[in-house]
Amino acid sequence: MRIRLLFGVMALAMAIAACGGGGSSTPTTTPPTTNPSTSPSTNPSTSPSTSPSTSPSTSPSASPTASPATFGGGTQTVSLTSSGGTFTVSPADATYSGGVTWGANNATSPFNFTLSWATYAQISGASIPPALPSSIGTALLYFELSSSATVTFTQTPGMTMTTSGSFPGTSCGFATYENNGTGFTWSSMTTMGIAEVTPSGGSFSVPATTLPPPNSVDFAAGAYQYVATYCH
């Protein structure tokens, strides 16, 4: 997911293990850095920006298409239109659930968008993303996102998380696994100018955020991107 200012989103939108079992786990491998960019832009090398309203900063880039990780919490494929669509995240590890909603985009025909989720302990495969660093927060669920078409969204996804227990903190949000120009790393949504939220009554929601032009959330067909929800 590449926000081009430039996140580019989950998102979910969309919009992932500590309390569920693994925020501090150490991954066995790191995704290769080939084919890092998801932007449909004709100038993918343009430097990204730190805030949706200012000049370019770090831009999230998709992981390569080969050997995606396996997310054991659940998966859902939805046929999205230019108006977007909603994913329902079933409980993973009997703890966290929620939903991710994607909005308007530039698609000219319906396309399939797949969202998979898991706690870190439920992720396996050759391209496991590293665990979310504790400097950002304690991970709740990790998400893997992919689109069957190259598509650009004008907003970050709206995301809701609920818990059957309690959240590990009072400030929550999501982070994206992106290429910052020197390698892949996790970046909080706060680097895009999106404020963290406070959970209430066993849930929290991060609203969709409209990015000022020419910023966008970009997906390349067949590429995989990773998002994690967290609290601290």
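# Reading the rules behind a predicted model

User: Why is Cys231 called buried?
Analyst: Buried means under 20% relative accessible area, exposed means over 50%, and partly exposed lies in between (1.4 Å probe, protein chains only). Cys231 has a relative accessible area of 0%, so it counts as buried. Keep in mind that this is a predicted model, in which local features need pLDDT of at least 70 and side-chain atom pairs count only at pLDDT 80 or more, while totals for chains, interfaces and linings use all residues. Residues are numbered from 1 along each chain as its sequence is written, and side-chain values use heavy atoms, leaving out hydrogens and water.

User: What does the side chain of Asn179 reach?
Analyst: The backbone nitrogen of Gly181, at 2.9 Å. A polar contact is a pair of N or O atoms within 3.5 Å; within protein, one must be able to donate a hydrogen and the other to accept it, and residues adjacent in sequence count only if both atoms are side-chain atoms.

User: Why is strand 5 (residues 96-102) described as largely enclosed?
Analyst: Five of its seven residues are buried, so the rest of the structure largely encloses strand 5.

User: What makes strand 4 and strand 5 a pair?
Analyst: Two strands pair if DSSP finds at least two bridges between them. Strand 4 (residues 85-92) and strand 5 have six bridges and run antiparallel, so they pass the test. In this pairing, Thr86 stands opposite Thr101. On another pairing, strand 5 is joined to strand 10 (residues 158-163) by six bridges, again antiparallel, and Gly98 has Met161 as its bridge partner there.

User: Why are strand 4 and strand 13 said to stand at the edges?
Analyst: The open sheet has four strands in the order 4-5-10-13, with antiparallel pairing. Strand 4 and strand 13 (203-206) each have a single partner strand, so one side of each is left without a neighbour in the sheet. Neighbouring strands here are turned by 10° against each other on average, direction ignored; such angles are taken between axes, which are lines fitted to C-alpha atoms (for helices over the stretch in contact), and run from 0 to 180 degrees between N-to-C directions.

User: Are Asp93 and Ala94 buried, partly exposed or exposed, and why?
Analyst: Asp93 has 39% relative accessibility, so it is partly exposed. Ala94 has a relative accessible area of 65%, so it is exposed.

User: Which residues touch the most other members of the largest nonpolar core?
Analyst: Trp102, Tyr142 and Phe143, in a core of 53 residues. Its largest share, six residues, comes from strand 8 (residues 138-147). A nonpolar core is a set of buried Ala, Val, Leu, Ile, Met, Phe, Trp, Tyr and Cys residues joined through side-chain atoms within 4.5 Å.

User: What is the order of the open sheet of six strands?
Analyst: The order is 3-6-8-15-11-12, with antiparallel pairing. Strand 3 (74-80) and strand 12 (184-188) each have a single partner strand, so they stand at the edges. The twist averages 25° from one strand to the next. Strand 3 joins strand 6 (residues 111-118) through seven bridges, and Ser79 stands opposite Asn112.

How values were computed:
Helices (H or I, at least four residues) and strands (E, at least two) are DSSP runs, numbered from the N terminus.
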